[in-house]
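Open the model in your viewer and keep the selection tool at hand. The stops below each give something to select and then say what is there.

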Amino acid sequence: MFFHRGSLIFWLKREKKMKVVFNTIDDYILGFQGDIQLILHRVRETIRAAAPEATEKISYGMPTFYLEGNLVHFAAHTHHLGFYPAPSGLEAFRKEISRYKNSKGAVQFPFDQPVPYELIAEIVRFRVAENLELAAIRKQQRRRPGNEPT
């Protein structure tokens, strides 16, 4: 049975039912109707292509890609696709995202406009490089003399 997530959440709140929990990104995507499913599939494939080493999970109730930490989250809302690449991922692309509604850690891509898949890929590649660099720094810091466990 298909449902629109925004409508379902409203119905769940009104009926005081339990919240739907998704265990996989496949389950999440299957919870939406045709056109939204297609967008979510393409976003997922775009992220996979830009971060082939990343693993998938559900975090904060959203599809999440993980590589040495969370890379990006995305979610379908009633009128837009929410994309959450961490504040640094948006700050690096401030000019490119300026035409979309955005905040410190999120950008909204309206469903009535073409989804900027190439911009999503660029942001993901930036986040991959950032996470790998931070992981290397953390690893190096653990190897410093005096950082050995006692």
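The model is predicted. Begin by selecting Thr64, which sits in strand β2, residues 62-66. Is Thr64 buried or exposed? Its relative accessibility is 0%, so Thr64 counts as buried.

Now show the side chain of Thr64 together with Ser59 and His73. Which side chain does the side chain of Thr64 meet in a polar contact? The partner is the side chain of His73, at 2.6 Å. The side chain of Thr64 also reaches the backbone nitrogen of Ser59, at 3.4 Å. Leaving aside residues up to four places away in sequence, the residues in contact with Thr64 include Ile25, Thr55, Glu56, Asn70 and Val72.

**The sheet**

Select the strands. How many strands form the open sheet, and in what order? There are 6, arranged β1-β2-β3-β4-β6-β5, and the pairing is antiparallel. At the edges stand β1 (55-59) and β5 (101-102); each has a single partner strand, so one side of each is left without a neighbour in the sheet.

Zoom in on β5. It is joined by 2 bridges to strand β6, residues 107-110, and the two run antiparallel. Within this pairing, select Asn102: the residue opposite Asn102 is Val107 in β6.

**The helices on the sheet**

Select helix α3, residues 34-50. This helix packs on the sheet and touches β1, β2, β3 (70-76) and β4 (80-84). The direction of α3 makes about 170 degrees with that of β3. Then select helix α6, residues 117-143, which also packs on the sheet. Which strands does α6 touch? They are β3, β4 and β6, and the direction of α6 makes about 150 degrees with that of β3.

Return to α3 and pick Thr46, which is found in that helix. Thr46 has a relative accessibility of 12%, so it counts as buried; the cut-off for buried is under 20%. Not counting residues up to four places away in sequence, Thr46 touches Tyr117, Ile120 and Ala121.

**Aromatic rings**

Colour the aromatic residues. How many aromatic pairs does the structure hold? It holds 5. Select Tyr28 and Phe32: the ring centres are 5.1 Å apart and the planes are at 50 degrees, so this pair is tilted. Both Tyr28 and Phe32 are buried.

Move on to the pair of Phe83 and Phe109. This pair is tilted, with 6.3 Å from centre to centre and 35 degrees between the planes. Why does the pair tie together parts that are 26 residues apart in sequence? Phe83 lies in strand β4, whereas Phe109 lies in strand β6. Phe83 is buried, and Phe109 is buried too.

**Last stop: a loop**

Finish at Thr24, in the loop between α1 (5-15) and α2 (25-30). With a relative accessible area of 36%, Thr24 is partly exposed. Show the side chain of Thr24 and the backbone of Asp27: a polar atom of that side chain lies 3.0 Å from the backbone nitrogen of Asp27. Finally, select Pro63, which is 39 residues from Thr24 along the chain. The C-alpha atoms of Thr24 and Pro63 are separated by 7.7 Å.

Definitions and conventions
Residues numbered from 1 in each chain as written. Predicted model: local features only at pLDDT ≥ 70, side-chain atom pairs only at ≥ 80, totals over all residues. Heavy atoms only, no water. Helix = DSSP H or I, 4+ residues; strand = E, 2+ residues; numbered from the N terminus. Buried < 20%, exposed > 50% of the residue type's maximum accessible area, 1.4 Å probe, protein only. Polar contact = N/O pair within 3.5 Å; in protein donor to acceptor, adjacent residues only side chain to side chain. Contact = heavy atoms within 4.5 Å. Pairing = 2+ DSSP bridges. Axes fitted to C-alpha atoms, helices over the stretch in contact; angles between N-to-C directions. Phe/Tyr/Trp six-rings, centres within 6.5 Å; stacked < 30°, edge-to-face > 60°.
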